[in-house]
Amino acid sequence: QSAEIKGMSKEAADSFKMYVDKGYTIKAFPRLAQTEEETRIIRDKGAAVETYINECAQSWVMGNRDIDADWDEYISKLKEMGADEVIAAYQSAYDRYLKN
């Protein structure tokens with residue numbers, strides 16, 4: 001952020017600083033180094049899980065389905081698809097990142 005601020009006018013830099021000071025900005029998620037196994041799990045299962053999540057969310061937002069009635073089935077389907085494995089793969093990579 002400091003590199004960005006250097007190229008700004010004083011007014012823009014002051015405004016940007018206000019956003020940072022008030023907590024309106026968040027740190028970018030770090031790039032994670034994944035093992036071959038983590039990469040395989042994310043590649044093989046992650047895309048399908050993400051697609052399912054997006055499709056269900058869209059259906060609920062559009063009112064085509066009832067989130068309360070669907071929730072248990074939704075969670076069950078995510079587990080069948082390997083969502084827990086995908087989460088564990090990302091978590092493992094993130095834990096290694098934090099140790100460095």
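Leaving aside neighbours within four places in sequence, which residues is Ile42 in contact with? The list is Gln34, Ala47, Val86, Ala89 and Tyr90. Keep in mind that this is a predicted model. Here's a quick tour, starting with the whole chain and coming back to Ile42.

**Overall fold**
- The protein chain has five helices and zero strands, so its radius of gyration is the next thing to check: at 20 Å, that value is well over the 13 Å that the globule rule gives for 100 residues, so the chain is more spread out than a compact globule.
- Going from the N terminus, the elements run α-α-α-α-α.
- Along the principal axes, the C-alpha atoms fill a box of roughly 55 × 40 × 20 Å.

**Burial and contacts across the chain**
- Out of 100 residues, 22% count as buried.
- Take the contacts with a separation of 6 or more: 68% of them come from residues 24 or more positions apart.

- Ile42 belongs to helix α3, which covers residues 36-62.
- With a relative accessible area of 14%, Ile42 falls under the 20% cut-off, so this residue counts as buried.
- Ala93 is 51 residues away from Ile42 in sequence, yet the two are 11 Å apart in space, C-alpha to C-alpha.

Conventions:
Residues numbered from 1 in each chain as written. Predicted model: local features only at pLDDT ≥ 70, side-chain atom pairs only at ≥ 80, totals over all residues. Heavy atoms only, no water. Helix = DSSP H or I, 4+ residues; strand = E, 2+ residues; numbered from the N terminus. Rg over C-alpha atoms; globule rule 2.2 N^0.38 Å. Buried < 20%, exposed > 50% of the residue type's maximum accessible area, 1.4 Å probe, protein only. Contact = heavy atoms within 4.5 Å.
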